[in-house]
Amino acid sequence: MPKPEVPAHIKGKGSRIFEMRTYESHSQHDAKMKIEMFNEGGEIAIFRETGLHPVLFGETIAGNDMPNLVYILGFENMAERDANWGTFGSSEGWKNIKDIPKYKTTVSGITDVILRPTSYSQM
């Protein structure tokens, strides 16, 4: 994503949350395949269709646990997050791409953090 996008349904709401996920890969090749899965494979489109609201996607260029991909999703609350992840997990789109051989081993570890913005947050 060329710039962050705050989902319209949560913009300016005090109760909103953000989920930051980091996907580590065993190799640079696997990391590139995961990025391809999001872009050309259509995973970002499936996110949007199932209520997982992308804020940003980025590739880490320095730091620990590389190579990795970091992305942030935005939700009104934990109930929306949980329901929409359930919708994603059972969607036909996800079922169709998750078992494609070139994408099966792209992630070796996942870190998942829920963030709550401060009152002065720009998001």
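Tutor: First, a definition: on a 1 Å grid over the protein atoms alone, a pocket is an open set of points with protein on both sides within 12 Å along at least five of seven lines, whereas a cavity is a set where a 1.4 Å probe fits but cannot get out. Lining residues have an atom within 4 Å of a point. Points join across faces, edges and corners, and a volume is the space filled by probe spheres set on them. The model is predicted: local features need pLDDT of at least 70, side-chain atom pairs count only at pLDDT 80 or more, and totals for chains, interfaces and linings use all residues. Residues are numbered from 1 along each chain as its sequence is written, and side-chain values use heavy atoms, with hydrogens and water left out.

Student: What volume does the largest pocket have?

Tutor: By the probe-sphere definition, the largest pocket has a volume of about 190 Å³. Its lining counts 16 residues, and the closest to the centre are Tyr23, Lys34, Met37, Trp94 and Val107. The volume asked for is about 190 Å³.

Student: Which elements give two or more residues to that lining?

Tutor: Elements are DSSP runs numbered from the N terminus: helices are H or I with at least four residues, strands are E with at least two. By class, the lining has ten nonpolar, one polar and five charged residues. Here Ala, Val, Leu, Ile, Met, Phe, Trp, Tyr, Cys and Pro are nonpolar, Asp, Glu, Lys and Arg are charged, and the others, Gly among them, are polar. The elements are strand E1 (17-24), helix H1 (28-38), helix H2 (43-49), helix H3 (78-89) and helix H4 (92-98).

Student: What is the strand order in the open sheet?

Tutor: Two strands pair if DSSP finds at least two bridges between them. E1 and strand E3 (residues 68-75) pair in the antiparallel sense over eight bridges, and threonine 22 has valine 70 in E3 as its bridge partner. The four strands form an open sheet with antiparallel pairing, in the order E2-E3-E1-E4.

Student: Which strands are at the edges?

Tutor: An edge strand here pairs on one side only. The two are strand E2 (53-59) and strand E4 (109-115).

Student: Phenylalanine 38 pairs with tyrosine 71; what is the angle between the planes?

Tutor: Rings of Phe, Tyr and Trp (its six-membered ring) pair if their centres lie within 6.5 Å; planes under 30 degrees apart are stacked, over 60 edge-to-face, the rest tilted. This pair is edge-to-face at 5.3 Å centre to centre, with 65° between the planes. The pair links distant parts of the chain, phenylalanine 38 in helix H1 and tyrosine 71 in strand E3, 33 residues apart. The angle is 65°.

Student: Why does tyrosine 71 count as buried?

Tutor: Buried means under 20% relative accessible area, exposed over 50%, partly exposed in between (1.4 Å probe, protein chains only). Phenylalanine 38 is buried, with a value of 3%. Tyrosine 71 is buried because its relative accessible area is 0%.

Student: Is glutamate 49 buried or exposed?

Tutor: Glutamate 49 sits in helix H2. Its relative accessibility is 65%, so glutamate 49 counts as exposed.

Student: Which residues does a cis peptide bond join?

Tutor: Proline 67 lies in the loop between E2 and E3. Aspartate 65 is found in that loop too, and has a positive phi of about 55° although it is not a glycine. With omega at about 0°, the cis bond joins methionine 66 and proline 67.
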